[in-house]
Amino acid sequence: MSDWLREAADGSLTLTLHIQPGAKKTGFAGLHGEAMKIRLAAPPVDGKANAALCVFLADFCKVPKSAVSLVSGETSRAKRVRVEGAANTVAARLREQA
């Protein structure tokens with residue numbers, strides 16, 4: 001099991017992420033220490049990067065945006081995000097991005 005990806009008994013996933021806002025395009029960028037690095041095209045202003053992160057993860061995990069929530073790190077590059085209702089295949093797809 002990956003340090004950055006934890007699966008809970010209720011089927012939710014908790015992701016430990018390192019975010020790089022202001023990138024040219026949004027996408028996964030491999031591991032950064034014990035966190036998955038995600039580059040975001042959105043700027044780190046007025047919560048735009050956090051909103052873009054939630055939308056990106058909801059699209060990737062094929063869940064509603066409301067199922068993705070920021071657990072910690074609102075003003076930090078280091079974030080923890082919870083994804084509820086993700087199918088078992090989502091964890092495998094996420095691990096492939098590492």
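Residues are numbered from 1 along each chain as its sequence is written, and side-chain values use heavy atoms, with hydrogens and water left out. Because the model is predicted, local features need pLDDT of at least 70 and side-chain atom pairs count only at pLDDT 80 or more, while totals for chains, interfaces and linings use all residues.

Start with confidence. pLDDT is the predictor's confidence in each residue, from 0 to 100. The chain has a mean pLDDT of 94. Of its residues, 98% reach 70 or more. Among the elements, β4 has the highest mean, 98. The lowest mean belongs to α2, at 91. Elements here are DSSP runs, numbered from the N terminus: helices are H or I runs of at least four residues, and strands are E runs of at least two. Where pLDDT is low, the predicted coordinates should not be read in detail.

Now look inside. A nonpolar core is a set of buried Ala, Val, Leu, Ile, Met, Phe, Trp, Tyr and Cys residues joined through side-chain atoms within 4.5 Å. Buried means under 20% relative accessible area, exposed means over 50%, and partly exposed lies in between (1.4 Å probe, protein chains only). The largest nonpolar core has 27 residues. Those with the most contacts inside it are Leu13, Leu15, Leu17, Ile38, Leu57 and Leu94. Which elements each supply at least two residues of this core? They are β2 (13–20), β4 (35–39), α1 (48–61), β6 (78–83) and α2 (88–96). Helix α1 gives the most, with 8 residues.

Contact means heavy atoms within 4.5 Å. Setting aside neighbours within four places in sequence, Leu15 is in contact with Trp4, Leu5, Leu57, Lys79, Arg80, Val81, Val83 and Leu94.

Next comes helix α2. Its buried residues are Val90, Ala91 and Leu94. Why are they on the same side of α2? They cover an arc of only 100 degrees around the axis, and this puts them on one side of the helix (the arc is that of the directions from the helix axis to the C-beta atoms). An α-helix has 3.6 residues a turn, so residues three or four places apart point the same way. The face of α2 turned away from the buried side carries the exposed residues Asn88, Thr89 and Glu96. What covers the buried residues of α2 includes β1 (5–7), β2, β3 (27–32), β4 and α1.

The model also has a pocket to find. On a 1 Å grid over the protein atoms alone, a pocket is an open set of points where a 1.4 Å probe fits, with protein on both sides within 12 Å along at least five of seven lines; lining residues have an atom within 4 Å of a point. The largest pocket has a volume of about 160 Å³. That volume is the space filled by probe spheres set on the points, with grid points joined across faces, edges and corners. The pocket is lined by 14 residues, and the closest to its centre are Pro44, Ala49, Asn50, Glu74 and Lys79. The largest share of the lining, 3 residues, comes from α1.

Some single residues are worth a visit. His18 is found in strand β2. Is His18 buried or exposed? It counts as buried because its relative accessibility is 16%. Beyond its neighbours within four places in sequence, His18 is in contact with His32, Ala35, Met36, Lys37, Ile38 and Arg77.

Ala58 lies in helix α1. At 4% relative accessibility, Ala58 is buried too. Not counting residues up to four places away in sequence, Ala58 touches Val63, Pro64, Lys65 and Val68.

Arg39 is found in strand β4. With a relative accessible area of 37%, Arg39 is partly exposed. Not counting residues up to four places away in sequence, Arg39 touches Gln20, Ala23, Lys25, Thr26, Gly27 and Ala29.

Finish in the loops. Most residues other than glycine have a negative phi. Asp46 has a positive phi of about 50 degrees although it is not a glycine. Asp46 lies in the loop between β4 and α1, and its 74% relative accessibility makes it exposed. Lys62, also not a glycine, has a positive phi of about 55 degrees. Lys62 lies in the loop between α1 and β5 (68–72). Lys62 is exposed, at 68% relative accessible area.
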